[in-house]
Amino acid sequence: MTMSRLAEALSSALARVPEQPELPVSGKLTRLVGLTLEASGLAVSVGDRCLVRDGLQSLEAEVVGFTEDKTYLMPVQAMGHLRAGAEVVPIASASELVIGEELLGRVVNGFGEPIDTGEPLLCRSRQSLHGEYINPMHRQPIREPLDVGIKAINALLSVGRGQRLGLFAGSGVGKSVLLGMMTRFTNADIIVVGLIGERGREVKEFIDEILGEEGLSRSVVVASPADDPPLLRLRAAQYATAIAEYYRAQGKNVLLLMDSLTRYAQAQREIALAIGEPPATKGYPPSVFARLPSLVERAGNGEKGGGSITAFYTVLTEGDDQQDPVADSARAILDGHVVLARRLAEQGHYPAIDIEASISRAMPQVVTESHLQSAQTFKQFFSRYQQSQDLISIGAYTEGQDQELDTAVRLMPDMRGFLRQGLQEKFDFATSAQQMQQLVGSAGAAGAGSKPARGGQKNLRRQGGQRAGASGGIKPMPKRPAGGGADS
């Protein structure tokens, strides 16, 4: 080989050699307070991962902030016994996790690692945890209803594809059960469930007893129980949303169920307070209220021709306080809210949906005019009865003085029965709307004749309640309608 050819070959080879990468600069652990690790000598960015090495043990942590030459890290694993001077080595960015069709039917943690008994995941794709920005002018409007299989929601709080709703409730009133019913009954293509910050024992119970084998077969479950570090809980919520975005990009209609948004906010509060951010409303730093909309806005409809993410976020109202700062903030950024009332759950009324306190802001865009009018009439009679409940209970109500109240009293047993639904019962959207319209239609038929008409109520399930007497002198109502319905 001549010298000229040799030089040409060397030049060609050198052109194919990539630039020499920068070697990671390690630092030292200088301080540990609570959950916060403080290191010096690092050249890293927020979101990067580091390995803290102390002898034979190592701990993975993520960069969450910095001040001048100090870097603040938060562990994503249980902390062991660390000493000052431990080596801190940058390893990789934490902004991407594995994703793909292989996740369907699996249960994973916030790292994307399977925690069920299935085979190891071999996903080839990776996706950012933070999602891609969608121009709001390019989003498809909400125009089609989504059948969730829950009669009261389908008929009175109709949900549109791409809508974001909050499920507001205190502890122990049936949030998880209602979510499980929706996963089994909905006609969405894919269900993504995020169990964020809940009790560890509830993860398996939710999957085995509530979700079931049928529900899991078309679902992806991301679980991060309460004993996980706060950073891992944040990541799990973002990961669940990223999985939903992945399927939406494929044109699928996705139902995203996240339990709970409150635990997500509390995880961010723990991190923010640990790195010195001042508390604001009831101990929540301002960054909490900045993170909530950034997570919620990722759901919704995609661009024209794409899929949709319809999302339900449970919001834990501590002490049943509807003015809790997280609940108040969530109510403002969501497209509606379904309130579960403890008083109904205590009466055995399930699902314990408080119809008067709940609303779906997208309902007028996804249902017919007759459906919307029937729903408004139903709520009108239901509310009219509740306003006069005390008078009815003490026997001070007299029939014939208020026609609207007379109709509400006649319909109340059927309205209670309509709002109840068994754990294994499914009511599709059309059936739910038809039964509601039959119920309120019977009110008009009853008002036209001298005898209260039952209309199409023969096919409706009757659960609890007791009808007032017919014509003539009305019989005093009992102090509580029999059956323990939604009467308070």
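Let's call a residue buried when its relative accessible area is under 20%, exposed when it is over 50%, and partly exposed in between, using a 1.4 Å probe and protein chains only. L6 counts as partly exposed because its relative accessibility is 37%.

A word on the ground rules: this is a predicted model, local features need pLDDT of at least 70, side-chain atom pairs count only at pLDDT 80 or more, and totals for chains, interfaces and linings use all residues. Residues are numbered from 1 along each chain as its sequence is written, and side-chain values use heavy atoms, with hydrogens and water left out.

Back to L6, which sits in helix α1 (residues 3-16); helices here are DSSP runs of H or I with at least four residues, strands are runs of E with at least two, and both are numbered from the N terminus. Together with M3 and L10, L6 makes a nonpolar surface patch with about 320 Å² of accessible area. Patch members have over 30% relative accessible area and no salt bridge, with nonpolar side chains (Val, Leu, Ile, Met, Phe, Trp, Tyr) joined within 5 Å and like charges within 9 Å. The areas themselves come from the Shrake-Rupley method with a 1.4 Å probe, and for residues only the protein chains shown count as cover.

Now for the charged pairs. A salt bridge here is a side-chain nitrogen of Lys or Arg within 4 Å of a carboxyl oxygen of Asp or Glu, and the count comes to 20. One of them joins E62 and R235, whose closest N and O atoms are 2.6 Å apart. That pair ties together distant parts of the chain, 173 residues apart, with E62 in strand β4 and R235 in helix α5 (residues 230-249). E62 is buried, because its relative accessibility is 14%, and R235 is buried too, at 3%.

R384 and D402 form another salt bridge, with 2.3 Å between the closest N and O atoms. This pair also links distant parts of the chain, 18 residues apart: R384 is in helix α11 (residues 369-387), while D402 is in the loop between α12 (389-393) and α13 (403-419). R384 counts as buried at 19%, whereas D402 is partly exposed at 25%. By contrast, R331 and D328 pair up inside helix α8 (residues 325-333), three residues apart, or about one turn of the helix; their N to O distance is 3.3 Å. There is a network of salt bridges as well, linking R31, E38 and K70.

The backbone has a few spots to look at. Cis peptide bonds join D259 to S260, with omega about 15 degrees, and Y350 to P351, with omega about -10 degrees. S260 is in the loop between β15 (253-259) and α6 (261-274), and P351 is in the loop between α9 (342-346) and β19 (359-360). E68, although not a glycine, has a positive phi of about 50 degrees; this residue is in the loop between β4 (57-67) and β5 (70-75) and is exposed, at 80% relative accessible area. K282 likewise has a positive phi of about 50 degrees without being a glycine. K282 is in the loop between α6 and α7 (286-296) and is exposed at 56%.
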